[in-house]
Amino acid sequence: VLLLLPFEASRPGSAVFLKGIEEGLRVSYSGSVDVATENVGPVPPEPENYPAKIDDWIAFKYGRLKFDAIVAITFPPSLLARDLRDRFWPGASLLLVLIDEERWANPGSIPRSSRVLVALDNNESVRSALQMLPNTRRVVLLGGASQRDRRTNAEIVKSIRAINAGLEIIEATGLSLEEAKGRIRSLPDRTIIVIGSFLFEPNGQRLDVPQLVDEFYPVANAPMFADSDMAMGKGVVGGNILSVQGAAVVTGEQLGQLLKGADPDTLPIREVKNSYIVDWRQLKRWGISERTLPPDATILYRQPTAWEQYGRYIVGLLSVLIVLLFLVAFLLLERQRRKKEEDLNSA
């Protein structure tokens, strides 16, 4: 299997995705699988004729191998996967993993291709943020400088306006990491921070969400929200977001079906829905009531109460105290009875 990633395999998101694919394969396919992983995402500004050059490089590197399937994560690698398959591995099946914002990229027109559609939807993450903080008056959108960053962040702005046209949107996009940190140090009340697409700084430095949150959290004076669970536990509140691990497991399961011989053109599309996940510590920090959460919300990092943590010890101590009190009461009554007997004997 040839796996085409938009980022390096060492990045946190890629590592989680690879692990999830392996887990999904174990469930759906009993044979051994050899996965060759390639990062095919360009660093902006994209070099001239980049797709053809990376196409030639992969063909040069793997030209003597026979791939049974090619998996492409997100739309740009999907086009490369189609070209590579058509040129060098015509018998290979394609598995295209597309995010919700790439619905326009109709991959159904690519022969012998199956799809996994991932609901990496900022619309739902913003909607859930406003549900938790209904008094919000403004949204700060943080975003990077690459062409893909700009395109995705423009769609996020449209989504926010469609959800609530009365919100003030502050676009802090196309900035360096330090410039972005400076913008969120002293925000007014009733503001939330949405981390949009922030793949690259203006100098071409590549960034990932966990790294961004590590940098932003110590200086931000407003709650932060993102569209996936990659930064959960680092300082984002959470909400209706994507489980990257869950999406990868579904991808592995779909890949297993292809390796067993399923026809990719008739294999049903797998859609990965968001999950409602929140960080209990951030709820407490920003005064967010648990009553604003749906009943099926997963609350992480909840700190146990004294009763939950030490309940059995408290029960044990109370039991000992009750026994001691009964014993003291018994001794007092016994003493009083003996005194009465002594008085009667004296009389």
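Residues are numbered from 1 along each chain as its sequence is written, and side-chain values rest on heavy atoms, with hydrogens and water left out. Because the model is predicted, local features were required to have pLDDT of at least 70 and side-chain atom pairs were counted only at pLDDT 80 or more, whereas totals for chains, interfaces and linings use all residues.

Helices (H or I, at least four residues) and strands (E, at least two) are DSSP runs, numbered from the N terminus. Strand 6, residues 138–143, runs parallel to strand 7, residues 168–173, and the two are paired over six bridges, where pairing requires that DSSP finds at least two bridges between the strands. Within this arrangement, Leu142 stands opposite Ala172 of strand 7. Together with helix 5 (residues 147–163), strand 6 and strand 7 form a β-α-β unit that is right-handed; the term applies if, with the strands pointing away from the viewer, the path from the first strand over the helix to the second runs clockwise. Helix 5 also contains Arg150, which counts as exposed because its relative accessibility is 51%, the limits being under 20% relative accessible area for buried, over 50% for exposed and partly exposed in between, with a 1.4 Å probe and protein chains only. The C-alpha atom of Arg150 is separated by 30 Å from that of Gly252, a residue 102 places away along the chain.

A nonpolar core is taken as a set of buried Ala, Val, Leu, Ile, Met, Phe, Trp, Tyr and Cys residues joined through side-chain atoms within 4.5 Å. The largest such core has 25 residues, of which Leu142, Ile184, Ile193, Phe216 and Met224 touch the most other members. At least two residues of this core are supplied by each of strand 6, helix 6 (177–183), strand 8 (191–195) and helix 7 (209–216), and helix 7 gives the largest share, three residues. A second, separate core comprises 24 residues, among them Leu3, Leu95, Met230 and Val244. With contact meaning heavy atoms within 4.5 Å, and with neighbours within four places in sequence left aside, Ile184 is in contact with Val140, Leu142, Ile193, Phe216, Val219, Ala220 and Asn221.

Five aromatic pairs were found in a search of the whole structure, a pair being rings of Phe, Tyr and Trp (its six-membered ring) with centres within 6.5 Å, called stacked for planes under 30 degrees apart, edge-to-face for over 60 and tilted for the rest. Trp57 and Phe60 form a tilted pair, because their ring planes lie at 35°, with the centres 6.1 Å apart. Both residues belong to helix 2 (residues 50–62), where they are three residues apart, about one turn of the helix. Trp57 is partly exposed at a relative accessible area of 41%, whereas Phe60, at 68%, is exposed. Elsewhere, Tyr62, Phe67, Phe88 and Trp89 are linked into a cluster by ring pairs.

Two further residues are buried. Ser128, in helix 4 (residues 122–132), has a relative accessible area of 3% and is therefore buried; apart from neighbours within four places in sequence, Ser128 is in contact with Gly239, Asn240 and Tyr276. Gln282, in helix 9 (residues 280–285), likewise counts as buried, at 5% relative accessibility, and touches Tyr217, Gly235, Val236 and Val237 when residues up to four places away in sequence are not counted.
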